[in-house]
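Here's a quick briefing to read alongside the model. Have the viewer open and click along as you go.

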Amino acid sequence: MDADELSEVLDLIEVRSMPSGGFAARAPWVAGTDIEDSLKFVAIVSGRARLSADGIDHPVVLESGDVAILNDRSWVRLDDGSDAVQRREVEPEQDFSSPRLRHADRSTDDVVVGGRIDLSPAGRLLLHHALPPVAHVKGTKTSIIRESLDRLFAEVTSNRMGSGFAVRQYSQLILLEVLRAYVEQTDVPPGWLRVLTDETLRPALRLLHAGPGTPCGLQELASATAMSRTSFAERFRAVAGVPPLAYRTRWRMLQAQRALRDDDTRIGVLAASLGYSSEAAFSTAFKREVGESPIRYRRRLRPEASPSATTRASRAPTAPSSRKIHSTQCVG
């Protein structure tokens with residue numbers, strides 16, 4: 001199977017989607033809450049809802065099977081979408097096995113599920129720039145989302161053996177399908193999400209994401225896409241928002257951040273695995289891209305690692321990490 005660059009990135013930024021609450025109500029109703037998570041999703045299992053949030057000019061109408069991702073919003077308000085003057089306040093329930101949710105009549109009830117999207121700090125930055133304040137994906141455009149929502153709701157309300165595992169899988173599948181559908185339904189702005197789904201540039205991305213020693217100078221990248229150097233560079237920048245070699249650096253830094261966050265790999269070993277000629281060159285590039293040195297980044301995210309332990313780790317031999325690092329030692 002060919003390399004799947006989108007899956008690589010989603011794994012690298014450690015995206016995790018999980019439902020956190022829901023409700024079933026009959027019109028007229030209203031529900032609202034402050035948002036603490038940087039990324040939150042709202043899914044309509046049945047019925048409809050009207051969504052309002054800070055930063056959007058007009059409410060978004062959500063139909064059955066629709067999903068909305070709220071990007072860095074501070075509050076959200078949902079209602080049944082009617083013109084009723086008075087509505088009943090609905091409190092979302094965190095216990096999905098509650099009788100009201102388990103016995104919801106989906107032919108008459110509006111059933112709503114909300115949840116959070118967890119990812120690494122680098123992932124939050126990537127999705128923040130890739131998504132609008134509210135990314136709306138219509139379930140009528142993809143049956144997979146509607147079917148997955150049905151199965152997710154059945155699992156969270158049934159409390160069957162293995163339901164926790166099933167909920168995690170369906171949540172991940174829904175998020176993936178939402179991102180796919182968003183790219184297909186929307187004019188996605190230049191950035192990582194758009195370039196990862198561009199079929200013309202995929203051969204070049206394979207080279208940019210490949211292992212040490214793989215040639216990926218501008219000529220090699222252009223040849224892989226059967227384009228001239230100039231045409232390739234212009235198209236890549238228009239789609240990705242950055243030049244090819246700047247994208248390569250960002251890809252390296254994503255790999256570096258995960259390794260520093262999760263592994264005890266020495267800085268020098270990490271630098272070499274990512275194609276840098278020296279630890280100093282890697283540290284300079286990392287600080288320029290991330291805003292702090294690799295050692296400081298590791299200590300901040302792993303406070304249990306004392307300075308003395310970090311120093312010893314940087315000097316002493318260490319066993320290779322079991323996690324595979326896709327490095328990008330390129331020419332040009």
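In what order do the strands of the open sheet of five run? The order is 1-9-3-6-10, and the pairing is antiparallel. Keep in mind that this is a predicted model. The protein chain holds 14 helices and ten strands, and buried residues make up 45% of its 332 residues. Of the contacts in the chain with a separation of 6 or more, 75% are between residues 24 or more positions apart.

**The sheet and the helix on it**

- The edges of this sheet are strand 1 and strand 10 (134-137), each of which pairs on one side only.
- Going from one strand to the next, the twist averages 20°.
- Strand 3 (residues 39-46) and strand 6 run antiparallel and are joined by five bridges.

- Is helix 1 largely enclosed or left open by the rest of the structure? Six of its eight residues are buried, so helix 1 is largely enclosed.
- The buried residues in helix 1 are Glu5, Leu6, Glu8, Val9, Leu10 and Leu12, so you'll find two glutamates on that list along with the leucines and the valine, each of them under the 20% cut-off for relative accessible area.
- The cover over these buried residues includes helix 3 (121-130), helix 5, helix 6 (192-196), helix 7 (202-208) and helix 10.
- Just past the end of helix 1, Glu14 takes a positive phi of about 55°.

**How helix 1 meets helix 10**

- Two packed helices are described by the angle between their axes and the distance between the axes.
- For helix 1 (residues 5-12) and helix 10 (residues 244-262), the angle is about 40° and the axes are 10 Å apart.
- The crossing of helix 1 past helix 10 is left-handed.
- On the helix 1 side, the contact is made by Glu8, Val9, Asp11 and Leu12, and helix 10 brings in Trp251, Leu254, Gln255, Arg258 and Arg261.
- By type, the residues of this contact split into four nonpolar, four charged and one polar.

- Is Gln257 buried or exposed? Gln257 has a relative accessible area of 10%, and because buried means under 20%, Gln257 counts as buried.
- Setting aside neighbours within four places in sequence, Gln257 is in contact with Ala122, Phe286, Val290 and Tyr297.

**Nonpolar cores**

- In soluble globular proteins, nonpolar side chains tend to be buried together.
- Here the largest nonpolar core has 59 residues, and those with the most contacts inside it are Ile69, Trp192, Leu193, Val195 and Phe236.
- Helix 5 (residues 163-185) gives the most to this core, with eight residues.
- Phe236 is worth a click: leaving aside neighbours within four places in sequence, its contacts are Val195, Leu201, Leu205, Leu208, Gly241, Val242, Pro243, Pro244 and Tyr247.

- Which two residues does a cis peptide bond join? Ala27 and Pro28 are joined that way, with omega at about 0°.
- Pro28 belongs to the loop between strand 1 (16-25) and strand 2 (29-34).
- Asp72 is not a glycine, yet it has a positive phi of about 60°. Look for Asp72 in the loop between strand 6 (67-71) and strand 7 (75-79).
- Asp72 has 44% relative accessibility, so it counts as partly exposed.
- Ala226, not a glycine either, has a positive phi of about 60°. Ala226 lies in the loop between helix 8 (218-224) and helix 9 (229-240).
- At 74% relative accessibility, Ala226 counts as exposed.

How values were computed: Residues are numbered from 1 along each chain as its sequence is written. This is a predicted model: local features need pLDDT of at least 70, side-chain atom pairs count only at pLDDT 80 or more; totals for chains, interfaces and linings use all residues. Side-chain values use heavy atoms; hydrogens and water are left out. Axes are lines fitted to C-alpha atoms, for helices over the stretch in contact, and angles run from 0 to 180 degrees between N-to-C directions. Helices (H or I, at least four residues) and strands (E, at least two) are DSSP runs, numbered from the N terminus. A crossing is left-handed if the near helix is turned anticlockwise from the far one by less than a right angle, and right-handed if clockwise. Contact means heavy atoms within 4.5 Å. Ala, Val, Leu, Ile, Met, Phe, Trp, Tyr, Cys and Pro count as nonpolar, Asp, Glu, Lys and Arg as charged, and the others, Gly among them, as polar. Buried means under 20% relative accessible area, exposed over 50%, partly exposed in between (1.4 Å probe, protein chains only). Two strands pair if DSSP finds at least two bridges between them. A nonpolar core is a set of buried Ala, Val, Leu, Ile, Met, Phe, Trp, Tyr and Cys residues joined through side-chain atoms within 4.5 Å.
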